[in-house]
Amino acid sequence: MLVDHFLLISLLVLLSATTLSLIVTRQLIIVSLLMSFISVFFTIIYIILDAIDVAITEAAVGSGVSTILLLAIIYLTKSYKISIAQYKILSFNGILSIISLIAFLLILISVLPFTPIFGDANNPAHITNIYKVYTQASYETFGISNAVTMILGSFRGFDTLGETTVVFIASLGVYILMQTLLSVNLSKSFLKTIHLNENNESRIIQSAILLLISVMLLFGLYIQFHGDYGPGGGFQAGVVVASAYFMLLLSAPNSAINMILKEDMIVKILSLGVLIYILTGISSMIFGNKFLDYAIFSTDIKSAYHTGLFCIELGVGATVFAAMTIIMSKFYKLINNSL
Amino acid sequence: MTFINIIYNYPYAISFILLVVGIFIIVNSKNLIMKIVGLNIFQSAVILFFIIIAKIDNAIPPVVTEHTTKQLSNPTPHVLMLTAIVVSIATTALAYSIILIIYRQYHTINEDVITKHMNNEEN
């Protein structure tokens with residue numbers, strides 16, 4: 001399709017131009033702006049390349065959470081500018097790195113005449129045709145429309161368990177490291193309101209919240225439970241619901257939900273997600289099947305796999321939601337303390 | 001194996017350019033935050049490379065219904081990259097936390113100044 005190729009070429013050129021301009025930028029706020037541009041370009045490129053699940057994840061993660069964290073750390077370390085001395089290109093190391101990296105790039109590009117053609121159906125990546133087995137079995141045998149969710153949850157379920165554990169551990173690391181930086185009592189800073197002399201800011205967020213929060217929560221839960229039938233699943237839904245919850249935290253720190261869903265409860269949800277995943281696997285073993293074999297959940301195999309995928313996506317969604325919430329709220333508390 | 005393939009394989013070239021730009025930012029910048037930004041660009045380039053491999057011409061996204069007649073793109077690299085994106089944001093947040101602890105200790109995030117302080121502390 002000529003339009004597809006034209007769109008792809010223009011987006012890729014914009015992407016490389018934005019990335020190259022990142023090298024010469026002297027102000028870190030502009031760096032965060034360019035990074036969110038890059039994430040938006042990536043989202044559209046993934047849609048053109050038929051990677052719709054990856055596009056949702058990149059949109060939620062790259063444009064949302066990543067920009068927040070970058071702005072938060074720019075503020076907390078008070079490093080708003082990059083001085084010209086911080087890019088020592090004219091030293092010996094700088095020139096050596098430029099020469100070696102250009103040589104590396106030329107070597108990589110010289111491989112291009114010998115790589116398989118972009119879009120070729122006889123790619124070595126497709127050569128065993130395992131993806132045809134996956135997609136056919138996913139719909140005909142198990143009744144799951146979204147092949148990506150089926151592969152993620154069942155055919156490669158072990159890998160997803162490992163990845164969920166990695167998210168859990170990284171978030172736990174952020175929690176522990178931030179505890180050493182937050183020297184005040186947790187409950188006091190948690191209930192601290194946005195300063196009254198910045199009342200206008202909180203008014204703006206609050207009025208936007210009323211319109212957005214219900215839509216975002218509904219959208220997040222829709223993505224969570226609709227992952228079998230279209231793009232979606234636990235990873236994307238966790239990030240979207242965490243963004244919605246974090247907006248609520250920002251705008252109304254004294255609201256009722258913060259009395260119920262406290263910090264220690266969110267850490268428990270973090271570990272609960274991984275536990276749900278593992279328990280779903282073990283409950284198959286109790287009745288004599290293999291680990292993470294969902295066939296025992298029902299007599300009909302389609303509803304059995306739907307139930308199994310529902311349970312593990314719930315676990316993944318819970319862990320990712322708690323991980324993103326902990327990360328964002330820790331940075332928020334640190335900023336609130338230093339105000 | 002002809003040289004016209006360089007024109008056909010243009011997305012790979014962009015992925016390689018992003019890779020090299022990411023490495024350049026990591027190696028050459030003295031600000032610790034820019035190093036992590038370079039790491040993020042590097043990770044995005046690798047993810048883009050995998051997604052480019054998965055694309056098949058005249059294929060549709062890998063969602064199967066009873067009306068599906070066309071060929072689907074390969075969904076296996078999508079699965080791997082989906083989790084890679086979420087893991088990358090979690091590890092980036094961890095890297096930022098470590099930067100904050102370094103900042104609390106040395107009150108700067110310039111790599112040269114920190115190295116000078118560390119050398120002074122040793123002597």
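Student: What should I know before starting?
Tutor: This is a predicted model, where local features need pLDDT of at least 70 and side-chain atom pairs count only at pLDDT 80 or more, while totals for chains, interfaces and linings use all residues. Residues are numbered from 1 along each chain, chains are lettered from A in the order written, and side-chain values use heavy atoms, without hydrogens and water.

Student: How many helices are there in chain A?
Tutor: Helices here are DSSP runs of H or I with at least four residues, and strands are runs of E with at least two. Chain A has zero strands, and its helices number 13.

Student: Is A:F287 buried or exposed?
Tutor: A:F287 lies in the loop between helix 12 (263–286) and helix 13 (301–338) of chain A. Buried means under 20% relative accessible area, exposed over 50%, and partly exposed in between, with a 1.4 Å probe and protein chains only. Because its relative accessible area is 62%, A:F287 is exposed.

Student: Which side chains meet in a salt bridge between chain A and chain B?
Tutor: A salt bridge puts a side-chain nitrogen of Lys or Arg within 4 Å of a carboxyl oxygen of Asp or Glu. The count between chain A and chain B is one. At 3.1 Å, N to O, the partners are B:K55 and A:D50.

Student: Which helix gives the largest share of the side of chain A that touches chain B?
Tutor: Contact means heavy atoms within 4.5 Å, and it takes in 94 residues from chain A and 79 residues from chain B. One salt bridge is counted between the two chains. The largest share on the chain A side, 13 residues, comes from helix 3 (residues 52–76).
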